[in-house]
Amino acid sequence: GPKTTWERWDFVTLTAAAASGQIPEVAALAAGDWDLTIEQGATFVQTYTVADDPDFTWAGWTARAQIRSAPADTGDLLLNLTPYLSITGAAIQLAIPATATETLTRNGVWDLEVVQGSTVVRLLNGKAIVSPEVTR
């Protein structure tokens, strides 16, 4: 299967092959472990990109993400990230405004999924670590 490579800068490289047929090969990827470190009260921007296939695009897909206090239904929703996600070609950008990060008061867990029809692929998951704001 495809290998997955993560680069730890302000962008992430998702290594995936483009698909033939209805379910893309990226659906075979195990979700990458990726922790978010969010500075409370500051703007947060990261971009996640499929890099090794110049023709890859997320066209036709929607992205969704949440931060919860715990996985599954038991976790309180701390922040719905879906409104702050945008897709351009092979890149998914998460841009959280400072007005939203200032509402985060505790750590949690997060994941990033892409959806097309009935196909749901989890791309990334991990901890969401909040660095408390000092200057106000």
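Visitor: Where is Thr-47 found, and why is Thr-47 called buried?
Guide: In this predicted model, Thr-47 is part of strand β4. Its relative accessible area is 18%, and buried means under 20%, so Thr-47 counts as buried.

Visitor: What makes the pairing of Thr-47 with Gln-93 a polar contact?
Guide: The two side chains come to 3.5 Å. The cut-off for a pair of N or O atoms is within 3.5 Å, so the Thr-47 and Gln-93 side chains qualify as a polar contact.

Visitor: What about Val-50, why is that one called buried?
Guide: Val-50 has a relative accessible area of 3%. The C-alpha atoms of Val-50 and Ile-92 are separated by 8.9 Å, with the two residues 42 apart along the chain.

Visitor: On to Glu-113: why does Glu-113 count as buried?
Guide: Glu-113 comes out at 17% relative accessibility. Buried means under 20%, so Glu-113 is in the buried class. Glu-113 belongs to strand β9.

Visitor: Which side chain does the side chain of Glu-113 make a polar contact with, and what makes that a polar contact?
Guide: The partner is the side chain of Arg-64, at 2.7 Å. The limit is within 3.5 Å, so this pair passes as a polar contact. Leaving out residues up to four places away in sequence, Glu-113 touches Thr-62, Ala-63, Arg-64, Val-120, Val-121 and Arg-122.

Visitor: And Gly-126, why is Gly-126 buried?
Guide: Gly-126, in strand β10, has a relative accessible area of 14%. With buried meaning under 20%, Gly-126 is buried too.

Visitor: Which residues is Gly-126 in contact with, leaving aside neighbours within four places in sequence?
Guide: Those are Asp-33, Trp-34, Asp-35, Val-109 and Trp-110. As for Leu-112, 14 residues from Gly-126 along the chain, the C-alpha atoms of the two are separated by 9.4 Å.

Visitor: What volume does the largest pocket have, and which residues are closest to its centre?
Guide: The volume is about 360 Å³. The lining has 16 residues, and Gln-66, Arg-68, Ala-72, Trp-110 and Asp-111 are the closest to the centre of the pocket. Strands β5 (62-68), β9 (108-116) and β10 (119-131) each give two or more residues to that lining. By class, the lining of the largest pocket holds six nonpolar, four polar and six charged residues.

Visitor: How many helices and strands does the protein have?
Guide: There is one helix, along with ten strands. From the N terminus the order is β-β-β-β-β-β-β-β-α-β-β. Buried residues make up 38% of the 136 in the protein. Among contacts with a separation of 6 or more, 66% are between residues 24 or more positions apart.

Visitor: Where is the confidence lowest, and where is it highest?
Guide: The lowest is strand β1 (residues 11-14), at a mean pLDDT of 52, and the highest is strand β6 (residues 77-80), at 97. Residues 6-11 have a pLDDT below 50, and that stretch has 18 contacts in the model beyond near neighbours in sequence. Residues 15-23 are also below 50, with 21 such contacts. Where pLDDT is low, the predicted coordinates should not be read in detail. Across the protein the average is 82, and 78% of the residues score at least 70.

Methods: Residues are numbered from 1 along each chain as its sequence is written. This is a predicted model: local features need pLDDT of at least 70, side-chain atom pairs count only at pLDDT 80 or more; totals for chains, interfaces and linings use all residues. Side-chain values use heavy atoms; hydrogens and water are left out. On a 1 Å grid over the protein atoms alone, a cavity is a set of points where a 1.4 Å probe fits but cannot get out, and a pocket is an open set with protein on both sides within 12 Å along at least five of seven lines; lining residues have an atom within 4 Å of a point. Grid points are joined across faces, edges and corners, and a volume is the space filled by probe spheres set on the points. Helices (H or I, at least four residues) and strands (E, at least two) are DSSP runs, numbered from the N terminus. Ala, Val, Leu, Ile, Met, Phe, Trp, Tyr, Cys and Pro count as nonpolar, Asp, Glu, Lys and Arg as charged, and the others, Gly among them, as polar. Buried means under 20% relative accessible area, exposed over 50%, partly exposed in between (1.4 Å probe, protein chains only). A polar contact is a pair of N or O atoms within 3.5 Å; within protein, one must be able to donate a hydrogen and the other to accept it, and residues adjacent in sequence count only if both atoms are side-chain atoms. Contact means heavy atoms within 4.5 Å. pLDDT is the predictor's confidence in each residue, from 0 to 100.
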